[in-house]
Amino acid sequence: MSFQMARRAERMNPSIIREILKVTEKPGIVSLAGGLPSPDTFPVEAMRAAAEHVLRENPREALQYAASEGYAPLREWVAAQLAGQGLRVDADQVLITTGSQQGLDLVGKVLIDPGSRVAVERPTYLGALQAFAPYEPEIVSVECDDDGPRPEALEAARGARFLYLLPNFQNPSGRCMSAARRAQVSDAARALGLPIVEDNPYGDLWFDSEPPPPLTARWSEGSVYLGSFSKVLAPGLRLGYLVAPPALYPKLLQAKQAADLHSPGFNQRVVHEVIREGFLRDHVPTIRARYKAQRDAMRAALERHMPAGCRWTVPVGGMFFWIELPAGVDALALLPRAVERGVAFVPGAAFYADHPLPNTLRLSFVTVPPAQIEQGIALLAQTLKEAA
Ligand SMILES: Cc1ncc(COP(=O)(O)O)c(C=O)c1O
């Protein structure tokens with residue numbers, strides 16, 4: 001039987017990262033490829049206690065179908081928490097999603113027509129490109145420097161349905177936009193009438209100082225903000241949220257209803273039970289401290305081992321180093337040789353919507369312990385020197 005595929009299915013691609021992860025699951029490989037949080041940060045005991053509490057106190061409500069908007073106390077918690085970051089929103093503007101990945105899909109479903117333009121950073125999060133692709137956009141990549149999108153380059157995005165931005169510790173580049181750049185980009189987008197979709201799964205994972213307030217705080221009626229519990233609690237919960245202006249919220253809600261009716265009510269109640277008394281105030285700093293030490297281990301290993309001609313900036317939060325190899329080196333071609341030696345990374349080309357830079361790669365510093373980071377970077381450097 002051969003199935004006639006929909007045009008949108010033709011646009012769907014396997015994630016190169018998931019393909020690479022399959023290879024790196026082999027024993028003995030130091031994988032710096034995955035974007036997975038460290039499982040040692042998952043608050044297992046708190047989750048167990050909260051799950052027991054929910055099942056004891058409200059078992060039937062927790063296991064019943066629930067509101068598409070999300071569990072009201074959790075929506076209120078999100079609104080209060082965002083207010084602390086300078087983003088004042090009403091709880092009615094919060095939609096609980098099945099991971100922020102679903103938020104990206106809903107935004108694509110509601111805002112993209114076939115052939116319409118969507119602007120992204122260069123490079124950008126591969127999962128967003130995957131989420132938008134079935135809606136058949138024409139992707140426009142905005143030129144960036146170490147501080148994010150260059151405001152004058154936004155002209156290329158004129159007429160796009162939205163500009164997708166990752167201001168905090170971007171996946172893959174690790175960069176964090178300064179307050180000045182946020183203001184410039186937000187003002188330029190506003191002048192162009194270009195809505196902003198601001199994705200912020202890593203903002204809490206800062207090492208030395210909190211990142212500046214979200215762009216959405218500057219232009220809330222033109223922005224959609226996405227957040228996630230994946231990096232501060234656990235990704236297996238599949239819980240995130242979006243905040244949308246009242247003019248857009250009802251359509252996103254309808255798209256959500258069609259997609260999955262609602263995100264798991266049980267998980268939402270358990271998460272709320274865990275965080276409602278301020279659990280994250282103590283928990284998130286432990287994640288920051290751990291990731292900062294891992295960042296330092298990778299920085300030291302890179303400085304010690306990498307051959308001349310490689311360039312990176314040291315991330316001040318998040319999970320990734322972004323490495324530029326000498327011109328002419330193709331990271332994709334390098335990968336099988338690196339895996340043979342026992343180390344894996346993600347070639348950077350996957351993160352470009354067009355004109356990929358083949359001499360780039362992404363390294364995660366959070367999933368493997370410092371001793372393995374040292375070993376992995378040494379192996380990567382050997383592979384590079386051998387290929388030179
Ligand atoms: C930039 C970015 N956005 C969204 C997601 C999706 O996160 P989740 O669906 O787990 O909230 C990720 C996951 O790694 C990410 O890196």
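The model is predicted, and local features need pLDDT of at least 70, side-chain atom pairs count only at pLDDT 80 or more, and totals for chains, interfaces and linings use all residues. Residues are numbered from 1 along each chain as its sequence is written, and side-chain values use heavy atoms, with hydrogens and water left out.

**Ligand surroundings**

- Ser-100 places a backbone N or O atom 2.7 Å from an oxygen atom of the ligand.
- An N or O atom in the side chain of Asp-199 is 2.6 Å from a nitrogen atom of the ligand.
- In the side chain of Ser-228, an N or O atom is 2.6 Å from an oxygen atom of the ligand.

- Helices (H or I, at least four residues) and strands (E, at least two) are DSSP runs, numbered from the N terminus.
- Two strands pair if DSSP finds at least two bridges between them.
- An open sheet is formed by 3 strands in the order 11-14-13, with antiparallel pairing.
- Strand 11 (320-324) and strand 13 (346-347) are at the edges with a single partner strand each, so one side of each has no neighbour in the sheet.
- Strand 13 is joined to strand 14 (residues 360-364) by 2 bridges, and the two run antiparallel.
- Opposite Val-346 stands Arg-362 in strand 14.
- Helix 11 (residues 279-305) lies across strand 11 and strand 14, at about 20° to strand 11; axes are lines fitted to C-alpha atoms, for helices over the stretch in contact (heavy atoms within 4.5 Å), and angles run from 0 to 180 degrees between N-to-C directions.

**Strands 2 and 10**

- Strand 2 (residues 94-97) and strand 10 (residues 240-243) run antiparallel and are joined by 4 bridges.
- The bridge partner of Thr-97 in strand 10 is Gly-240.
- From strand 2, Val-94 and Ile-96 point one way, Leu-95 and Thr-97 point the other way, and all are buried (under 20% relative accessible area; exposed is over 50%, partly exposed in between; 1.4 Å probe, protein chains only).

**Cysteines**

- With a disulfide taken as a pair of cysteine sulfur atoms within 2.5 Å, the count comes to 0 disulfides.
- Cys-144 is in no disulfide, and the nearest cysteine sulfur, that of Cys-176, is 13 Å away.
- That distance is too far for a bond between Cys-176 and Cys-144.
- Cys-144 is buried, with a relative accessible area of 16%.

Notes:
A polar contact is a pair of N or O atoms within 3.5 Å; within protein, one must be able to donate a hydrogen and the other to accept it, and residues adjacent in sequence count only if both atoms are side-chain atoms.
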